[in-house]
Amino acid sequence: MVGTRAHSGSPLLGLAALCLGHNARRFGRLGDEALALVRSLAARAEADPQDVDGRALDGLDDVRSFLHVW
């Protein structure tokens, strides 16, 4: 999965979380591993925006909104 293999600062990290958020909206569910990844990437984005860009936070918002978790 790109979100676990891309290096720190890669734009793919934020994009991975955003895409998972879109999947949550479209399909109404995510697996446990995907949920953990979104949460992890969003936490990294909050801690250091140079590590993971803010799109990870948008992905987390989508997961919260459409899956009603956390």
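**Close-up 1. Val-52 and the residues around it.** Setting aside neighbours within four places in sequence, Val-52 is in contact with Leu-13, Gly-14, Leu-41, Arg-44 and Ala-45. Keep in mind that what you're looking at is a predicted model. Val-52 also turns up in the list of residues with the most contacts inside the largest nonpolar core, and so does one of its contact partners, Leu-41.

**Close-up 2. The largest nonpolar core.** This core is made of 18 residues. Those with the most contacts inside it are Leu-20, Leu-30, Leu-41, Val-52, Ala-56, Val-63 and Leu-67. Where do they come from? H3 gives the most, with 7 residues.

**Close-up 3. Helix H2 against helix H4.** Two packed helices are described by the angle between their axes and the distance between those axes. Here, H2 (residues 11–27) and H4 (residues 55–67) pack at an angle of about 15°, and their axes are 7 Å apart. Angles under 35 degrees count as roughly parallel, so that's the label for H2 and H4. Their crossing is left-handed. On the H2 side, the contact is made by Pro-11, Gly-14, Leu-15, Ala-17, Leu-18, Gly-21, His-22, Ala-24 and Arg-25. H4 answers with Arg-55, Ala-56, Asp-58, Gly-59, Asp-62, Val-63, Phe-66 and Leu-67. Sort the residues of this contact by class and you get 9 nonpolar, 4 polar and 4 charged.

**Close-up 4. Helix H2 against helix H3.** The axes of these two helices come within 9 Å and cross at roughly 135°. That angle makes H2 oblique to H3. H2 passes H3 in a left-handed crossing. From H2, the contact uses Leu-13, Ala-16, Ala-17 and Leu-20, while H3 brings Ala-34, Leu-37, Val-38, Leu-41 and Arg-44. By class, this contact has 8 nonpolar residues, no polar ones and 1 charged.

**Close-up 5. Leu-67 in helix H4.** Leu-67 sits in H4. Is Leu-67 buried or exposed? Its relative accessibility is 16%, so Leu-67 counts as buried; the cut-off for that is under 20%. Not counting residues up to four places away in sequence, Leu-67 touches Ala-24, Gly-28, Arg-29, Leu-30, Leu-35 and Asp-62.

**Close-up 6. Leu-35 in helix H3.** Now hop over to Leu-35, whose place is in H3. With 14% relative accessibility, Leu-35 counts as buried. Ignore its neighbours within four places in sequence, and Leu-35 is in contact with Leu-30, Val-63, Leu-67 and Trp-70. Leu-35 and Ala-16 are 19 residues apart in sequence, and their C-alpha atoms are 12 Å apart in space.

**Close-up 7. His-68, in the segment after H4.** Here you've moved into the segment after H4, where His-68 lies. Most residues other than glycine have a negative phi. His-68 has a positive phi of about 55°, although it is not a glycine. How does His-68 score on burial: buried or exposed? His-68 has a relative accessible area of 69%, so it is exposed.

Terms used:
Residues are numbered from 1 along each chain as its sequence is written. This is a predicted model: local features need pLDDT of at least 70, side-chain atom pairs count only at pLDDT 80 or more; totals for chains, interfaces and linings use all residues. Side-chain values use heavy atoms; hydrogens and water are left out. Axes are lines fitted to C-alpha atoms, for helices over the stretch in contact, and angles run from 0 to 180 degrees between N-to-C directions. Helices (H or I, at least four residues) and strands (E, at least two) are DSSP runs, numbered from the N terminus. Angles under 35 degrees count as roughly parallel, over 145 as roughly antiparallel, 65 to 115 as roughly perpendicular and the rest as oblique. A crossing is left-handed if the near helix is turned anticlockwise from the far one by less than a right angle, and right-handed if clockwise. Contact means heavy atoms within 4.5 Å. Ala, Val, Leu, Ile, Met, Phe, Trp, Tyr, Cys and Pro count as nonpolar, Asp, Glu, Lys and Arg as charged, and the others, Gly among them, as polar. A nonpolar core is a set of buried Ala, Val, Leu, Ile, Met, Phe, Trp, Tyr and Cys residues joined through side-chain atoms within 4.5 Å. Buried means under 20% relative accessible area, exposed over 50%, partly exposed in between (1.4 Å probe, protein chains only).
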